[in-house]
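Here's a quick briefing for anyone meeting this structure for the first time. Take a look at it, then read on.

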2 protein chains.
Amino acid sequence: MSTRRPGGRTAIVKAKAFEAARALAVEQGLHNVTMPEIAKRAGVAPTSLYRRWGDVGSLLMEMAVERLNETFPLPDEGTLVADLTLWARRIAAGLNADTEVNFFHVLLATTAMSSETRHHVLAPRLEQLDAMLGRARLRGESAPEADSVIDHLIAPLYMRSVLGMPLDDRYADKLVRTLLETMTA
Amino acid sequence: MSTRRPGGRTAIVKAKAFEAARALAVEQGLHNVTMPEIAKRAGVAPTSLYRRWGDVGSLLMEMAVERLNETFPLPDEGTLVADLTLWARRIAAGLNADTEVNFFHVLLATTAMSSETRHHVLAPRLEQLDAMLGRARLRGESAPEADSVIDHLIAPLYMRSVLGMPLDDRYADKLVRTLLETMTA
DNA sequence: GCGTTAAAGCAAATATATTCACTTTAAGGT
DNA sequence: ACCTTAAAGTGAATATATTTGCTTTAACGC
């Protein structure tokens with residue numbers, strides 16, 4: 001039988017590879033990260049990385065998804081304003097941090113991505129967002145559509161990061177306010 | 001003396017290289033485009049490309065900027081709604097077109113870009129936007145800040161393209177409406 | 001613990017990108 | 001037309017990424 005063996009060494013290689021990839025990405029930019037470099041920094045054999053991930057793009061993508069879920073879990077604070085505010089602030093902080101990879105940069109940098117892959121990666125997040133908005137509605141709050149949140153909260157945050165415009169809590173809060181006002185209007 | 005010679009052959013090489021780069025980018029994705037491939041398709045020597053642009057990223061970036069300015073000049077239609085609507089619809093159409101490179105994809109894919117380079121590339125566009133909004137104000141119309149246009153018109157369009165969400169004229173129009181309403185509110 | 005074998009490591013082969021030293025072509029000034 | 005030389009081309013050298021075949025290690029089931 002073919003039994004998987006995700007424990008011990010395998011897990012260690014993955015952790016070391018992801019950490020090396022993250023570090024290299026923030027130090028020298030996503031598109032300068034290569035398999036041999038990751039392998040060297042992680043202290044593992046390049047062959048192991050090629051075998052498991054095929055190419056740098058896939059490795060970076062998996063790393064970024066894992067990090068996204070660990071670092072930016074969708075909040076559940078009891079009110080929608082609180083949830084949105086916390087989430088927006090966290091994203092702003094992450095985009096500012098120079099130890100963090102920008103998830104959307106990775107999404108774009110690893111572009112070969114078929115629409116299936118993209119969907120596979122994004123769908124769970126979208127579900128979490130829907131869940132967050134659903135909870136708000138169950139509490140009797142009025143909540144915007146998920147699409148509106150993407151359009152007027154997430155999109156501006158990432159766009160500003162891409163354009164090199166400053167991002168802070170005040171700005172994040174303003175986006176939340178605009179989003180909720182537009183909805184009631 | 002060192003006199004430049006941008007005419008004749010030099011211009012032809014540039015045109016052929018840009019066209020080859022565009023075609024390859026839309027066919028196989030930005031990150032699969034290589035110098036040797038561009039050279040082959042363009043029918044020019046790889047050395048010429050390396051000498052002139054240094055690396056693929058710079059070549060793609062220059063190509064994308066040139067295309068952006070040719071394909072999406074900022075409109076001047078006489079009213080702000082008309083300007084914004086036309087612009088938004090053009091961007092939506094460009095993002096849908098499978099013969100067109102997505103400028104922001106390039107901006108991100110060629111990430112090594114220093115903030116100076118980024119500024120250098122984006123500043124002219126920002127000025128054009130400011131000019132467009134300025135014209136509206138001179139006509140006595142009330143116009144949003146350039147930042148708002150970026151946050152609530154440009155950002156959603158590109159974000160939806162990245163996420164693989166559908167983009168059409170109706171959606172573009174809706175964004176324009178929301179933008180102008182939010183402003184007056 | 002022990003055996004099986006998934007997954008890592010190693011070394012060498014191959015493919016691909018990039019640079020270098022040099023030659024040829026033709027743009028722009030006279 | 002003719003010179004000068006910027007810019008393109010050529011072929012070979014080098015560097016770097018990727019693949020391949022084989023060996024070693026150690027995770028998981030008994």
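At what angle do the axes of helix α1 (residues 8–28) of chain B and helix α4 (residues 56–71) of chain B cross? They cross at roughly 95°, and the two axes come within 10 Å. Keep in mind that this is a predicted model, where local features need pLDDT of at least 70, side-chain atom pairs count only at pLDDT 80 or more, and totals for chains, interfaces and linings use all residues. Residues are numbered from 1 along each chain as its sequence is written, while chains are lettered from A and ligands numbered from 1 in the order in which they are written.

**The helix pair in chain B**

- That angle makes α1(B) roughly perpendicular to α4(B) (the word covers 65 to 115 degrees). Axes here are lines fitted to C-alpha atoms, for helices over the stretch in contact, and angles run from 0 to 180 degrees between N-to-C directions.
- On the α1(B) side, the contact uses B:Ala17, B:Phe18, B:Ala21, B:Arg22 and B:Ala25, and α4(B) brings B:Leu59, B:Leu60, B:Met63 and B:Glu66. Contact means that C-beta atoms, placed from the backbone, lie within 7 Å.
- Helices are DSSP runs (H or I, at least four residues), numbered from the N terminus.

**Where chains A and B meet**

- Chain A puts 31 residues into the contact, and chain B puts in 31 residues too.
- On chain A's side, α6 (103–109), α7 (115–138), α8 (146–163) and α9 (169–184) each supply at least two residues.
- The largest share of that side, 10 residues, comes from α8(A).
- The same surface serves both copies, as 100% of the contact residues of chain A recur in chain B.

**Around DNA strand D**

- DNA strand D has 27 residues around it, and the closest are A:Gly7, A:Gly8, A:Thr34, B:Ala45 and B:Ser48. A residue is near the strand if its C-beta atom, placed from the backbone, lies within 6 Å of it.
- The most residues on this surface, four, come from α3(B).

**One spot in chain A**

- A:Ala93 sits in helix α5 (residues 80–96) of chain A.
- The C-alpha atoms of A:Ala93 and A:Asp169 are separated by 8.0 Å, though the two are 76 residues apart along the chain.

Methods. Contact = placed C-beta atoms within 7 Å. Parallel < 35°, antiparallel > 145°, perpendicular 65-115°, else oblique.
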